[in-house]
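Subject: Structure handover

Hello,

Please find the structure below, with notes on what turned up in it.

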Amino acid sequence: ARAEAYQQYVNRRDREDQRQPSISGQLTVEDSIKLTLVHNKMLQRTMEEREAARGARVGANSAYLPNVGVTGQYRRLDEVSSFEIEGQELQLGDVDNYSVGLTVTQPIYAGGAISAQVRASRLLSLYADQTVRAATQDVVYAAQAAYYNLLLSQHLVEIAEDDVRSATVHLQTVEKRRAGGVVSDFDVLRAQVELSNYEADRIRARNAINISRANLIKTMGISQDSDFVLSDEFVFTPVPISMDEAIEAAFTNRPDLYSQEVQIRRQREQLQIARSRYLPTVSGYFTNTWAKPDPKSFASPTIEWGDTWEAGLQGSWPIFDGFQREGAIIQEKARLRQAELGLVDLEETALNELTQTLLSMRNAEEFVQSQQMNFKRATEGLRLAEVGYEQGINTQVELIDARAALTTARVNYYRAIHQHVEAKLAVRRAMGTIVGSQIVESTDGNGQTQTDTDAGATQQ
């Protein structure tokens, strides 16, 4: 049974892989967002909430319409009563009885429950819209975060490969100098250890880039066989956003606040429905019955089809139900209060998120500025160490330390840029404005900002 289950999984996976698109070429952040909006499975699943809400609206609106039903019956009697009049026998009915009935019921008044249900269903549609908006913002954030994580991993691989190349060249130089009797075996051994350490860092960096690439592909919902190259880059661009501007944007854009507002209004309608149980209900009805024997004839020598109809108004007014209505009202009032408190809590949560994200963005800006200068210093320090080593002024240990310092400075610089990008994304997500915003960062290999070029991915 487990083997069969595994085979079913393989078949499902193969079918899913065939349906997934495969892309090639250069991939921008905008491309990754577009692919995510079209192919992300989580977003597709959330989109079905709209259809479910539409079904609820159709069902609620039908409460205004009449209910029409048809019934049919056949009944066989063991014996039919009869009597004689002037020598003629008359039967009271027939052994075989047929009837077909049509019933139409039109609600007229239900204490406001019908209109409240319709309004609640419309609010459910709005709630579904906000659910989709929230999911859209989540996947857009996830796509951009995955893109920049992969971009950071690529830079870390480049740094690791540069270190391996430099360490290899240095090892070759040391071996030549040992052959000339200038340095000892210890210097060669030290250079070999340095090269091995950098090779280990390169292996870890390559593993990390594979994980980041798989995560981006999963987020975009495309095939794992896709062959693309990231075309956007990092750039450090401070964003001047005040706390007041961020709060105003959050209060007018965050989908979770809208959803809670809608939930409060839906709960008010549920309270109205509960209160309507104290009021009477009135409806009109019409029935038409076709039967054999004729329902209008009490006794007839011939059995024939006939019909009869009836129309009128009917109403009911519950007087006492053991406090069930009062209990329902108490429950709905409590849920309404919960929804109102939930909105206050969400607003406080939004303020807390904005405070944290803005502080993180400010800290990231300071971190980038500090690492820019450190990057330049480490680059110059390695240059001086290499010149000093060639002239015999600096030792091999000093050269190795200078190279390690530059590696650390480069890694910290790119991590600082990446941290700043993520902080800006978090701020826009906290404000509810990440959809429609585009943050494209770009630097060259020396830590200088450059203008990025637009490039697109082609879908196969």
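Gln371 sits in helix α8, residues 324-390; helices (H or I, at least four residues) and strands (E, at least two) are DSSP runs, numbered from the N terminus. Gln371 has a relative accessibility of 10% and therefore counts as buried. The classes are buried for under 20% relative accessible area, exposed for over 50%, and partly exposed in between, with a 1.4 Å probe and protein chains only. Not counting residues up to four places away in sequence, Gln371 touches Ala409, Asn412, Tyr413 and Ala416, where contact means heavy atoms within 4.5 Å.

This is a predicted model, in which local features need pLDDT of at least 70 and side-chain atom pairs count only at pLDDT 80 or more, while totals for chains, interfaces and linings use all residues. Residues are numbered from 1 along each chain as its sequence is written, and side-chain values use heavy atoms, with hydrogens and water left out.

Overall architecture

The protein chain holds nine helices and nine strands. Its radius of gyration is 39 Å, well over the 23 Å from the globule rule for 460 residues, so the chain is more spread out than a compact globule. That radius is taken over C-alpha atoms, and the rule is 2.2 Å times the number of residues to the power 0.38. The C-alpha trace spans about 150 × 55 × 40 Å along its principal axes.

Buried residues make up 37% of the 460. Among contacts with a separation of 6 or more, 80% are between residues 24 or more positions apart. The accessible surface is about 26,000 Å², and carbon and sulfur atoms contribute 52% of that; areas come from the Shrake-Rupley method with a 1.4 Å probe, and for residues only the protein chains shown count as cover.

The chain carries 48 positive and 62 negative charges, whose mean positions are 2 Å apart. Lys and Arg count as positive and Asp and Glu as negative, with His and the chain ends not counted. Each charge is placed at NZ of Lys, CZ of Arg, CG of Asp or CD of Glu.

Helix α9 and what follows

Helix α9 covers residues 396-431, and its 36 residues should span 52 Å at 1.5 Å a residue; the end C-alpha atoms are 52 Å apart, which agrees. The expected span is 1.5 Å times one less than the number of residues.

Val427 belongs to α9 and, at 1% relative accessibility, counts as buried. Leaving out residues up to four places away in sequence, Val427 touches Ile241, Leu354, Thr357, Leu358 and Met361. Val427 and Ser226 are 201 residues apart along the chain, with 31 Å between their C-alpha atoms.

Gln137 itself lies in helix α4, residues 113-179, and counts as buried at 5% relative accessibility. From Gln137 to Phe320, 183 residues apart along the chain, the C-alpha separation is 50 Å.

Loops and backbone geometry

Most residues other than glycine have a negative phi, and most peptide bonds are trans. Two places here depart from that pattern. The peptide bond from Lys292 to Pro293 is cis, with omega near 10°; Pro293 is in the loop between β7 (281-292) and β8 (306-316). Phe323, in the loop between β8 and α8, has a positive phi near 70° and counts as exposed at 61% relative accessibility.

Leu65 lies in the loop between α3 (41-61) and β2 (67-76). Apart from neighbours within four places in sequence, Leu65 is in contact with Gln106 and Pro107. Leu65 and Thr105 are 40 residues apart in sequence and 8.9 Å apart in space, C-alpha to C-alpha.

Regards
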